[in-house]
Structure formats: structure tokens, C-alpha cells
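Here is a friendly note to read with the structure open beside you. Take the points one at a time, and find each residue in the viewer as you go.

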Amino acid sequence: MKAVLYEAFSQPPKLANVPDPTPAAHGVVLRVQATGVCRSDWHGWVGHDNDITLPHVPGHELAGIVEAVGKDVRKWKPGDRVTVPFVCGCGECPQCQAGQQQVCDHQFQPGFTHWGSFAEFVSIHRADLNLVALPESLAFDTAASLGCRFATSFRAVVDQGRTSAGQWVAVHGCGGVGLSAIMIANAIGANGIGVDISDDKLALARDLGAVATINANSVADVAEAVIEATNGGAHVSIDALGAPTTCFNSVSCLRKRGKHVQVGLMLGDHSAPRIPMSKVVANELELLGSHGMQAHRYGAMLDMVQSGKLRPERLIGERISLEQSIDALMNMDKFPSVGVAVVTRF
């Protein structure tokens, strides 16, 4: 099969022919129909993820068709349209037994622990636990974003942030994760504020439901700007980028008893950011992480997509080929595009 392969971190990947995968007894092989290019893939390519063994095929935001099934798979058959969370569970550890597969002790992550979806085919483990059926009405390019950015944002806003109608939600970083969070906050009746340094991305944030936007390069103090815009601070604030500055601003802009949700990965030199801990204590703030979403929670999100309350297709910036994904991956840290790049041609 054709696949994007890299043999050294931070070195240009290449389009290569590699062996087709075969399903494990408990797994399936999917024919990839669409896969997103995500900043998490960039983190892996530069060497920030210790789970990656070289040579490696990246890609974890995917949607496709079941091509082959293992002998122990009961719920799926060839031809089924599916997606999968970027963190898959083993089904046996205490976390999985409690329904928290997103923090599984033995998690399977396509594109990180195993070869991913920048390829014509991808192998997925524990299919009966981890696959999610896609409605016929949902296009593959739209569905590709659900496995990481959109699902992660849904859990960050709804489950971790426990956001309710009328609350203020500050979103720091208006890439795929941040724009998803703004759309989701708007859909549940909250007031979203987008923070970024790109006027184009802020314009899209407003188009997706943000009631206010702040260009971080145009204000002296981002946290104070958010506090002023929200009449006292955000109830929920999300660092959707994963940088020391956005993390600090996210915590600092909260009102008393507010919740900071860290979604953007903090890896490499950014793994130990500065936190205004005196404010955390004095104002009884909550600091939360959000690491994907379990397959069994997708139903609520998909219902909102089918009803039209959520329209993840509006986040797609460009549709590209598998070969073009190489440049898109290497340039992720430059944030060149508005919206999400999705590979749709293999």
C-alpha cells in the first residue's frame, strides 16, 4: 500500500510502498477514506512522543470502510463505515472497566503507538470496543475530524468543563481544536470568546459562533481583555494550542471557581509551563486535562451533528492528496492555513 513514512524525527517523510496490514484477531483493517493533518502528528514527527518507534507512518484522525475483520470481531463486517477515537482502550484495565478508555493503561493510538492513517489502509485493535459507526449522511472528510479535534473539544467543553448555557467560554488558539470548541460552546448555549494572533482565524471563529474575539497581538494583557469582555472572567477557559503563554493566559482569565481545561499538548520544552498557582488557590480554580473521548460517548456528539446543531464540515480548510500531506505535516508549526487540512485522495 501507499503510505507516508518517516525514518528519522524532524527529517522529511516520503511517500513509500509498504506491506498491507492484516487484522489482529480482535481487530480490523480499514480502507482509509479521509484523514486529518493535526498538530499532534507534527509533535510526533519532531520527536516529542516517546511511543513512536521508527520507521513510522503518522495519522490518527481518520474515517474509512472496514476492509477485513479478525476472527474474534463480532460487531463489524466488511463495508461498514466507521471512525475511531485517537485513544483506543484495551477493555481490561481499571480505567476501561470504569468506562474511561481515553486514559486506558494500555492504550492503542494509531499514528503513535502503531502505524497510522497516512496510508491506504490502517489496522485498528479491539474493534468491538473502539470503533464508532458513521451515519450514511456523514461524509468521510467531515467524519475524519471527529476522532481527534472535534471529539476532544466536545469532551473538553461538555464533559470536563461541564459548561452550561449562558456561561462564558474562552478559547485560546483558533486552530481546529479551538474552532471546534467555539462551535460546540455556541451549540449548547454558552458564550464563546476566541483568542488568537490571526485575524483570519478570528473571523472564522466569529462565523462559527464566537460572541467576541481578541487578537493577542493587539492587547497589552490577554487575561485582562478576557476578564473585561466577560464582566469578571470566563467560567471555562480552554488552551487549545498548548504553549506556555496560552496556558498561563487561560488560567489567568478565569473568574472565581472557574475551570481551565488543557487540550493542546504540552510536550518537549513546553512540558512544564508556569501556572499562577496563587490565583488557583485563592479563587478555587479547577485545572483539568482532556485526552480524547471514549467511543461510547460519540452518540451524543453525532446526534448533534445529524440535527444540524454541530457542523464540523465548516472546519475543513482544504482537501489534499496523500503526497501533499507531507508538506502540510512539516509546516504545522507555522500555522499557515485557516481551518483543517484533510487528506481525501490516496
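This is a predicted model: local features need pLDDT of at least 70, side-chain atom pairs count only at pLDDT 80 or more; totals for chains, interfaces and linings use all residues.

1. Now try Lys71: is it buried or exposed? With a relative accessibility of 66%, Lys71 counts as exposed. You will find Lys71 in the loop between strand 4 and strand 5 (81–83). His26 is 45 residues away from Lys71 along the chain, yet their C-alpha atoms are separated by 6.9 Å.

2. **The overall picture.** How many helices and strands does the chain have? There are 12 helices and 15 strands. The radius of gyration is 19 Å, close to the 20 Å that the globule rule gives for 346 residues, so the chain is as compact as a globular protein of that length. Along the principal axes, the C-alpha atoms fill a box of roughly 55 × 40 × 35 Å.

3. Of the 346 residues, 55% count as buried. The chain exposes about 13,900 Å², and carbon and sulfur atoms supply 49% of that area. As for charge, the mean positions of the 28 positive and 33 negative charges lie 5 Å apart.

4. **Contacts across the sequence.** Take the contacts between residues at least 6 apart in sequence: 71% of them join residues at least 24 apart. The C-alpha atoms of Val340 and Gly36 are separated by 7.1 Å, although the two residues are 304 apart along the chain. Val340 is buried, with a relative accessible area of 5%. Leaving aside neighbours within four places in sequence, its contacts include Arg149, Gly176 and Leu315.

5. **An enclosed helix.** Please look closely at helix 5 (residues 149–160): 10 of its 12 residues are buried, so this helix is largely enclosed by the rest of the structure. Among the buried ones are Phe150, Ala151, Phe154 and Val157, but also Arg149, Arg155 and Gln160.

6. **The largest nonpolar core.** In soluble globular proteins, nonpolar side chains tend to be buried together. Here the largest nonpolar core has 47 residues, and those with the most contacts inside it are Leu146, Phe150, Ile238, Tyr298, Met301 and Leu310. Elements that give two or more residues to this core include helix 5, strand 8 (168–172), strand 11 (234–239) and helix 11 (298–307). Which helix gives the most to this core? Helix 6 does, with seven residues.

7. **Met301, and a second core.** Set aside the neighbours of Met301 within four places in sequence, and its contacts are Leu146, Phe150, Ala151, Phe154, Met293 and Leu310. There is also a second, separate core of 24 residues, which includes Leu5, Trp45, Leu329 and Ala341.

8. **A residue of helix 6.** Asn186 sits in helix 6 and is partly exposed, with a relative accessible area of 39%. Beyond its neighbours within four places in sequence, Asn186 is in contact with Leu208 and Gly209. Val73 is 113 residues from Asn186 along the chain, and their C-alpha atoms are separated by 39 Å.

9. **Backbone details to check.** Most residues other than glycine have a negative phi, and most peptide bonds are trans. Ser10 lies in the loop between strand 1 (2–5) and strand 2 (14–17) and is partly exposed, at 36% relative accessible area. Just after helix 5, Arg162 has a positive phi of about 50°. Arg162 belongs to the loop between helix 5 and strand 8, and its relative accessible area of 43% makes it partly exposed. Finally, the peptide bond from Leu54 to Pro55 is cis, with omega near -5°. Pro55 is in the loop between helix 1 (39–46) and strand 4 (61–69).

Key
Residues are numbered from 1 along each chain as its sequence is written. Side-chain values use heavy atoms; hydrogens and water are left out. Helices (H or I, at least four residues) and strands (E, at least two) are DSSP runs, numbered from the N terminus. The radius of gyration is taken over C-alpha atoms; the globule rule is 2.2 Å times the number of residues to the power 0.38. Buried means under 20% relative accessible area, exposed over 50%, partly exposed in between (1.4 Å probe, protein chains only). Contact means heavy atoms within 4.5 Å. Accessible areas come from the Shrake-Rupley method with a 1.4 Å probe; for residues, only the protein chains shown count as cover. Lys and Arg count as positive and Asp and Glu as negative; His and the chain ends are not counted. The place of a charge is taken as NZ of Lys, CZ of Arg, CG of Asp or CD of Glu. A nonpolar core is a set of buried Ala, Val, Leu, Ile, Met, Phe, Trp, Tyr and Cys residues joined through side-chain atoms within 4.5 Å.
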